[in-house]
Amino acid sequence: MLPTHRWYHGPHPVDNFGGVKCVSEWKLPTDTYPGGLDQLRSDYNAPFLLYGPYFCTKNQWDQVLVPEGADAGVPSGDDSLGFYTKVFTYLKSKGGVGFEVDFMSELYLGVPEFRRTLDAATRFLAGMNGAGEALDVPIQFCMMQPSDILASLELNQATNGRASFDYQEDYNWNTGGSSLLFWAMGMRPSKDNFWSGDGQVSQRLGYSYRTLPCWYQRIRMWFS
């Protein structure tokens, strides 16, 4: 999966979401990826996973989003099926094999409409799942709430989810406790990737990441 600052266009939201940029459009920069995604896939001869957390108000599908009035969000439960059908059709046209929905905890806590209407968040997930079923696109959950994992019992396309902390955390390897819930709900737990270096400074957030590459390398060898 390509890094998010290269994978798609869009600004960092300021109203209700933090972390990564919102998705305005999926388009690789031609200065570093001449030929775009089609050429990149051809060069590597490998499929890809489409990554989509929340979307910018100004997006390539002109989709109206919730929360109302914010600068980023997701489609409502009523619009979810139609929206993700367009997204997954785009994914399939580019040779993609799956979709990751990230920052799911913020999608719930940051969207008042999902918290104030009993089944609004469930219908949002069901619409995404329905699009995945129609187009044979498996869905990976990331940073989800326990309620999202429980909802996956009715979501055939939600096949797996991330059970670890982010890659920059020293305890990124610790997935035992969370994996118990995943397995009980029929989802496959996964671990975030790791750095082979010793850290990185986040210029936007203003703090340093420290990792333990030696431990991650050993873990990788143990499970190879």
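## Reading a sheet and its helices

Student: Where do I start with this chain?
Tutor: Start with contacts. This is a predicted model, and in the chain, residues 24 or more positions apart account for 59% of the contacts with a separation of 6 or more.

Student: How many helices and strands does the chain have?
Tutor: Its secondary structure comes to nine helices and nine strands.

Student: How do strands in a sheet pair up?
Tutor: The general idea is that strands of a sheet pair through backbone hydrogen bonds, and they can run parallel or antiparallel. Here, five strands make an open sheet with parallel pairing, in the order β1-β4-β5-β6-β7.

Student: Which strands sit at the edges?
Tutor: Those are β1 (48-51) and β7 (188-190), each with pairing on one side only. On average, neighbouring strands of this sheet are turned by 30° against each other, ignoring direction.

Student: Which strands does helix α3 touch?
Tutor: Helix α3 (residues 80-93) packs on the sheet and touches β1, β4 (96-101) and β5. The direction of α3 makes about 140° with that of β4.

Student: And what does helix α6 touch?
Tutor: Helix α6 (residues 120-135) also packs on the sheet, touching β4, β5 and β6, and its direction makes about 145° with that of β5.

Student: How much of the chain is buried?
Tutor: Of its 224 residues, 45% count as buried. The chain's accessible surface comes to about 12100 Å², with 53% of that belonging to carbon and sulfur atoms.

Conventions. Residues are numbered from 1 along each chain as its sequence is written. This is a predicted model: local features need pLDDT of at least 70, side-chain atom pairs count only at pLDDT 80 or more; totals for chains, interfaces and linings use all residues. Side-chain values use heavy atoms; hydrogens and water are left out. Two strands pair if DSSP finds at least two bridges between them. Helices (H or I, at least four residues) and strands (E, at least two) are DSSP runs, numbered from the N terminus. Axes are lines fitted to C-alpha atoms, for helices over the stretch in contact, and angles run from 0 to 180 degrees between N-to-C directions. Contact means heavy atoms within 4.5 Å. Buried means under 20% relative accessible area, exposed over 50%, partly exposed in between (1.4 Å probe, protein chains only). Accessible areas come from the Shrake-Rupley method with a 1.4 Å probe; for residues, only the protein chains shown count as cover.
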